[in-house]
Amino acid sequence: MAVKVTWFGHSVAQVETDQVNLLIDPFFTGNDKASLTKDEVNPDVIVVTHGHGDHVGDTVEIAKRTGALVISNFEIINWLQEQGVENVHPQHIGGGFNYEWGRLKLTIAHHGSGLPDGSYGGNPAGVLLTVGGKTVYHAGDTGLFYDMKLIGDEGVDLAILPIGDNFTMGPDDAHRAVELIRPKIVVPIHFDTFDVIQQDAQAWVDRAAKRFDVDARLMAPGDTVEL
């Protein structure tokens, strides 16, 4: 079964199989790097890694329009229900769930998670997704942590890692993350959207490919990796 992963800019990633169209952190409105608008996506599932506005993004509008199932931590799910989102499934750090289309586990992420209106957003998370016989790790917004090695022990086909610095891992720590996770393919995200996270992503990819036994790819918004 083919697994297609498309990056739409910032931290927005879409994972598609013949069973599911899953959208992570749908930040389109206000994202100048986005290659689509919120009205052009039609996910079956939306996953929100944490409560910050550049990750919750257009979740409410997209979920109401499409009826997509929204998966996030318990606190964010409660907040989304208050916004009128009805089709939801709460999880929490370290907890996985077997859906009909695959398994999704929320992992540690070292970051904040306050919601756009100041509400408590619980703990931030990464996403370990097993679909179509492949394993995809979307780290969310996080600093480097040594337990990434344990995530790597799961056998990661694709790691999607922030490199922007200031709010998340920077280039050097993201390289250390590659060393710990040992993915087959790695894609950098969460860079260049704002002035404070400007990075030379091509240099990061070139260095990762040279230092590690990894297929490091620089994607433009709208590009797809097929696993």
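Helices (H or I, at least four residues) and strands (E, at least two) are DSSP runs, numbered from the N terminus. The model is predicted, so local features need pLDDT of at least 70 and side-chain atom pairs count only at pLDDT 80 or more, while totals for chains, interfaces and linings use all residues. Residues are numbered from 1 along each chain as its sequence is written, and side-chain values use heavy atoms, with hydrogens and water left out.

**Stop 1: the cavity**

Select β1 (4-7), β11 and β12; each supplies at least two residues of the lining of the largest cavity. A cavity is, on a 1 Å grid over the protein atoms alone, a set of points where a 1.4 Å probe fits but cannot get out, whereas a pocket is an open set with protein on both sides within 12 Å along at least five of seven lines; lining residues have an atom within 4 Å of a point. Grid points are joined across faces, edges and corners, and a volume is the space filled by probe spheres set on the points. One cavity of 30 Å³ or more is counted, and the largest cavity has a volume of about 40 Å³.

Colour the lining by class, where Ala, Val, Leu, Ile, Met, Phe, Trp, Tyr, Cys and Pro count as nonpolar, Asp, Glu, Lys and Arg as charged, and the others, Gly among them, as polar. The lining of the largest cavity then shows eight nonpolar residues, one polar residue and no charged residues.

**Stop 2: the pocket**

The largest pocket holds about 160 Å³ of space. Its lining consists of Ile 93, Gly 94, Lys 105, Leu 106, Thr 107, Ile 108, Leu 128, Phe 145, Asp 147, Leu 150, Ile 151 and Glu 154. With four residues, β8 gives the most to this lining. By class, the lining of the largest pocket has seven nonpolar, two polar and three charged residues.

**Stop 3: the salt bridges**

A salt bridge is a side-chain nitrogen of Lys or Arg within 4 Å of a carboxyl oxygen of Asp or Glu. Four salt bridges are counted by this rule. For the residues involved, buried means under 20% relative accessible area, exposed over 50%, and partly exposed in between (1.4 Å probe, protein chains only).

Select Arg 182 and Asp 153, which form a salt bridge with their closest N and O atoms 2.6 Å apart. Arg 182 is in the loop between α5 (171-181) and β12, and Asp 153 is in the loop between α4 and β11 (158-162), so that the pair links distant parts of the chain, 29 residues apart. Arg 182 is partly exposed at 41% relative accessible area, and Asp 153 is partly exposed at 47%.

Select Lys 184 and Asp 157, whose side chains meet in a salt bridge (3.3 Å, N to O). Lys 184 lies in the loop between α5 and β12 and Asp 157 in the loop between α4 and β11, so this pair ties together parts that are 27 residues apart in sequence. Lys 184 is exposed, with a relative accessible area of 56%, whereas Asp 157 is buried at 9%.

Select Arg 207 and Asp 172, a salt bridge with the closest N and O atoms 2.8 Å apart. This pair links helix α6, which holds Arg 207, with helix α5, which holds Asp 172, across 35 residues of the chain. Arg 207 is partly exposed at 37% relative accessibility, and Asp 172 is partly exposed at 48%.

**Stop 4**

Show Phe 167, Phe 194 and Val 196, which form a nonpolar patch on the surface with about 260 Å² of accessible area together. Patches are made of residues with over 30% relative accessible area and no salt bridge, like charges being joined within 9 Å and nonpolar side chains (Val, Leu, Ile, Met, Phe, Trp, Tyr) within 5 Å. Accessible areas come from the Shrake-Rupley method with a 1.4 Å probe, and for residues only the protein chains shown count as cover. Phe 194 is found in the loop between β12 (185-189) and α6 (201-211).

Go on to Leu 218, in the loop between β13 (215-216) and β14 (224-226). Leu 218 is partly exposed, with a relative accessible area of 34%. Its C-alpha atom is separated by 6.3 Å from that of Val 205, 13 residues apart along the chain.

Finish at Val 85, in the loop between α3 (74-82) and β6 (88-91). Val 85 is buried, with a relative accessible area of 4%. Val 85 and Glu 61 are 8.8 Å apart, C-alpha to C-alpha, and 24 residues apart in sequence.
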